[in-house]
Amino acid sequence: MDDLTGYNQLLSIAPGLSSDPSGEHSAVYCASTEASMPPSEDRVQRFKYRSAVIPTRSAAPIVIIVVIILVTALWIVFRPQQEPLDRFVGQLIGMEGVLLLSIGLVLISTLRVVEQWFDGIDHAAIWHRGVAIAGTVLIAVHAGATTSPLATAIGEGLGAVGLIGLIVLVVWAIAPRWRSFVPKPLRGAVVKVSTTRVARRVNARFKGYSSWRSFHRFTGLFVAIGFAHGLVDGTVFGSPVLRWSYVAIGGIGLAFYAYRELLARRFAVTHDYEVESVHPVDATLAEISLKPLGRRFQFRAGQFAQLNLEAADGWHRHPFSIASGPADANVRVTIRSLGDFTSNVSALVRPGMPAVISSPHGNFDYHKGGERQVWIAGGVGVAPILSWLRDAQPGTLPERVDLYYSAEGPPPYSDEMRELAARHDSLHLHLIDTGTEPRLTTERVLAEADCPARELSAFMCGPEGMVKSFQKGLAKAGVRRANIHREYFNLR
């Protein structure tokens, strides 16, 4: 790369990346290079591929858990003696809900330190989703189980508005994953309801990422309303410790929210581009090639970026995986049909249309693995791996890499992937057409890796079901969890 100083460089984060996924990142790898190089004019520097032992991506979640425990203990220790136990417990639950929601606001603040601690902003987004759902559930429990002699019409109104807004946001966020939490006996009824005329109209209006993201920006507003409800109707604030701890809990989260909405855009690094071509790859994938109009966008192979793109129906904002190499003249992004404007990219996006790319994100990088690696991709999940292949120089890959790419039908990019693989003696390419041959299994991957499971590093990117299955299978077979890496596509 032209100006990047190393793989440990922290890159600025673009504002507005929502918490709605694109894989899983892991420990910071060793970026030192070997002193011994082939005695030729074309000397190549190789990283020392060292497997991780402890997943550093666990550090931030552990901090979150410790904070929750400490705050809970603080409230229990300083509980006002005159406060009835049942009422205190109800308000403690409400405080925990505000605490989790405030943590969620910190996680989507777009600050670089958040991505650093979570080893990728997509990981922070997943944790944001989890703590936001948990916090909303706790707020709902608090609302249903707590009564206060200090309750006022204003306080109760604030509580109701905040809770309803948060519930709408949570339901909207998890709706695309309804199969994961709706019991099987009820799924048929859900399908019938979703195919009604009203449901189809609602789905067409609100399914898109842009619509969801626009409304999601009100998360902090609803948290602020709920926080104000606690200040107005709380009965435990005869204790100064509880009062000021509550103010700090809500204030910190809202400060991060204010930064994101009011200040982050002032620090964003953006780059002007123009659509050079739109190429349908297959029935579900399209590749857009963007040429720079000024300073080139710089990134690491395997990262993704926030793209503002003009189309025939207006501007659209999406996070997209980058399929090109950092040294390529143009930036290429691979787009999968998702039901919004991405389902008709070839018709809506034409050469000459403007685009703006924000700073890159993500730590999906094979340099964090050891000398024996497997790369597993499905569908559009091949994009970051294509970026790796288009960037890697001969002689720089680990001792052995088995790349598995599966698709229903002839895998896209097959010809180019064969050409790229031919440049690397250590790379073994496996193209799988699930329409004519068995699906890839964990057993096959481990057998062809031909090494002890604990020595293997796995990098996966693709459909959620496929990636989860391999995560569980590889961990069960003995692959260290610190060496199982994935990329999250759906940031919603």
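Predicted model: local features only at pLDDT ≥ 70, side-chain atom pairs only at ≥ 80, totals over all residues.

Visitor: How many helices and strands does the chain have?

Guide: The chain has 15 helices and 11 strands.

Visitor: How should I read the crossing of helix H2 and helix H9?

Guide: One considers the angle between the N-to-C directions of the two axes; a value over 145 degrees counts as roughly antiparallel. Here helix H2 (residues 85-107) and helix H9 (residues 219-233) have axes that come within 10 Å and cross at roughly 155 degrees. H2 is therefore roughly antiparallel to H9.

Visitor: Is the crossing of H2 and H9 left-handed or right-handed?

Guide: The crossing of these two helices, H2 and H9, is left-handed.

Visitor: Which residues make the nonpolar surface patch?

Guide: A patch of this kind joins nonpolar side chains of residues with over 30% relative accessible area. In this structure, Val63, Val67, Val113 and Trp117 make a nonpolar surface patch of about 330 Å². Helix H1 (59-77) and helix H3 (112-118) are the elements that give two or more residues to the patch.

Visitor: Where is Val63 found, and how is its accessibility classed?

Guide: Val63 is found in helix H1. Between the limits of 20% and 50%, a residue is classed as partly exposed. Val63 counts as partly exposed because its relative accessibility is 39%.

Visitor: Let us turn to the backbone. What is the phi of Tyr413, and where does Tyr413 lie?

Guide: Tyr413 has a phi near 65 degrees, a positive value in a residue other than glycine. Tyr413 lies in the loop that runs between strand E8 (400-407) and helix H13 (414-421). With a relative accessible area of 13%, Tyr413 is buried.

Visitor: Is Asp450 buried or exposed?

Guide: The relative accessible area of Asp450 is 61%, so Asp450 is exposed. The loop between helix H14 (442-449) and strand E10 (456-461) contains Asp450. The phi of Asp450 is also positive, near 55 degrees, again in a residue other than glycine.

Notes:
Residues numbered from 1 in each chain as written. Heavy atoms only, no water. Patch = residues over 30% accessible without salt bridge, like charges linked within 9 Å, V, L, I, M, F, W, Y side chains within 5 Å. Areas by Shrake-Rupley, 256 points an atom, 1.4 Å probe, with all protein chains shown as cover. Salt bridge = Lys/Arg side-chain N within 4 Å of Asp/Glu carboxyl O. Helix = DSSP H or I, 4+ residues; strand = E, 2+ residues; numbered from the N terminus. Buried < 20%, exposed > 50% of the residue type's maximum accessible area, 1.4 Å probe, protein only. Axes fitted to C-alpha atoms, helices over the stretch in contact; angles between N-to-C directions. Parallel < 35°, antiparallel > 145°, perpendicular 65-115°, else oblique. Left-handed = near helix turned anticlockwise from the far one by under 90°.
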